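Have the model open while you read.

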Amino acid sequence: MPINFQVTDGISRYTGLKNWGKVPAGTPFDRISQLAVDNDGRVVLVQRNDPAVLIFGTDGQLETSWHHPKLESVHGVFVAADGHIFIATYDAQQILKFTPDGQLVLEIGAFNHPNWRDPFNAPTDMALAADGEIYVADGYANARVHRFAADGTHIQSWGEHGTGPGEFNVPHGVWVTSDDRVLVLDRDNDRIQVFTRDGKLIDIWTGFTRPMDIWADQNDTIFVSDQTPRILRLAPDGEVVGIFRGLARAPHGLYGDRQGNLFVADQAPMMVTKYEKIG
């Protein structure tokens, strides 16, 4: 019988449940990327094959899956408060908004049409502010953050290639805090850059090794996955206040639920790991 190892970041203790997300026998995960948790505690996972979207119940059982022809090379996923699912496609150059059952309702960017500096050139992730504005990390080829209105209208962009303040080397993940800071994982510069919503640089947080994904709870306690492999807990001001080692070699996607449980999309091996909070 497999052992479910416990881990602690010094503040909370978790039971690590490997292979938590169950798929039918003979249909293994295929290049899973990132995940998100909806208001009902269901885990929405995206993978880079058909079907691109897998939705798991709170017990880890697969409830439904769906696909769309424009879901090529999926990368980031975000579930809005109203249940709509946003997905970034890095090779297809789009941010797509779906209903929970897979109906496409908004496209940002032109399918398979990359742009230098302008949206998009291999976008990786997106996050929504409380008022519905959309912030996109763009990404593997551009080194930009793009800001859009809730209807997809472009508002502004910022960032350049480089290592200096406000510059990026693979902006891989993004999150908007409850106090309207935009946190950008500057992956290959091993740091997080903090901006106002209109792109003014506020702070730079260091001490990471290729940070991959970011999620914050309702109190703006921040969690980051990096490729040490580690899951790091940050105070709202960016101070690292806890760390635990991931149970797989390559944690990629990261999200949490209202009970304080954490979910990780692992890529080596391909699996969903639940870190169930026990204290």
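The side chain of D138 makes a polar contact with the side chain of H146, at 2.7 Å. A polar contact here is a pair of N or O atoms within 3.5 Å; within protein, one must be able to donate a hydrogen and the other to accept it, and residues adjacent in sequence count only if both atoms are side-chain atoms. Keep in mind that this is a predicted model, where local features need pLDDT of at least 70, side-chain atom pairs count only at pLDDT 80 or more, and totals for chains, interfaces and linings use all residues. Residues are numbered from 1 along each chain as its sequence is written, and side-chain values use heavy atoms, with hydrogens and water left out.

- D138 sits in strand β12 (residues 134-138); strands (E, at least two residues) are DSSP runs numbered from the N terminus.
- D138 is buried yet has no salt bridge, where buried means under 20% relative accessible area, exposed over 50% and partly exposed in between (1.4 Å probe, protein chains only).
- Which side chain of opposite charge is nearest to D138? That's R144, 6.7 Å away. For charge, Lys and Arg count as positive and Asp and Glu as negative, while His and the chain ends are not counted.

**Salt bridges**

- How many salt bridges does the structure hold? There are 17, each being a side-chain nitrogen of Lys or Arg within 4 Å of a carboxyl oxygen of Asp or Glu.
- E133 pairs with R147 in a salt bridge, with the closest N and O atoms 2.8 Å apart. This pair links distant parts of the chain: E133 is in the loop between β11 and β12, R147 is in strand β13 (residues 144-148), and they're 14 residues apart.
- Both ends of that pair are tucked away: E133 is buried at a relative accessible area of 13%, and R147 is buried at 14%.
- A network of salt bridges links D131, E133, R147, D180 and R197.
- R181 forms a salt bridge with D179, the closest N and O atoms being 3.0 Å apart. R181 counts as buried at 13% relative accessibility, whereas D179 is partly exposed at 45%.
- D188 and R187 form a salt bridge with closest N and O atoms 2.7 Å apart. Here D188 is partly exposed at 28% relative accessibility, and R187 is buried at 10%.

**The cavity**

- The count comes to one cavity of 30 Å³ or more. On a 1 Å grid over the protein atoms alone, a cavity is a set of points where a 1.4 Å probe fits but cannot get out, and lining residues have an atom within 4 Å of a point.
- The largest cavity has a volume of about 70 Å³; grid points are joined across faces, edges and corners, and a volume is the space filled by probe spheres set on the points.
- Its lining is Q34, L35, V77, F78, D125, M126, V174, W175, D213, I214, L254 and Y255. Two or more of the lining residues come from each of β3 (32-37), β7 (74-79), β11 (123-128), β17 (171-176), β21 (213-216) and β25 (251-256).
- By class, that lining has nine nonpolar, one polar and two charged residues. Ala, Val, Leu, Ile, Met, Phe, Trp, Tyr, Cys and Pro count as nonpolar, Asp, Glu, Lys and Arg as charged, and the others, Gly among them, as polar.

**The pockets**

- The largest pocket has a volume of about 850 Å³. A pocket is an open set of points with protein on both sides within 12 Å along at least five of seven lines.
- Of the 33 residues lining the largest pocket, F78, V79, A81, W175 and Y255 lie nearest its centre.
- β7, β17, β21 and β25 each supply at least two residues of that lining, which has 16 nonpolar, eight polar and nine charged residues by class.
- The second largest pocket comes in at about 150 Å³. It is lined by 14 residues, with D217, F223, R233, G260 and K277 nearest its centre.

**Two more residues to look at**

- T273 is in strand β27 (residues 270-277) and counts as buried at 0% relative accessibility. A polar contact of 2.7 Å joins the side chains of T273 and D266.
- L106 is in strand β10 (residues 104-108) and is buried, with a relative accessible area of 17%. The C-alpha atoms of L106 and V184 are separated by 24 Å, with the two residues 78 apart along the chain.

How values were computed:
Helices (H or I, at least four residues) and strands (E, at least two) are DSSP runs, numbered from the N terminus.
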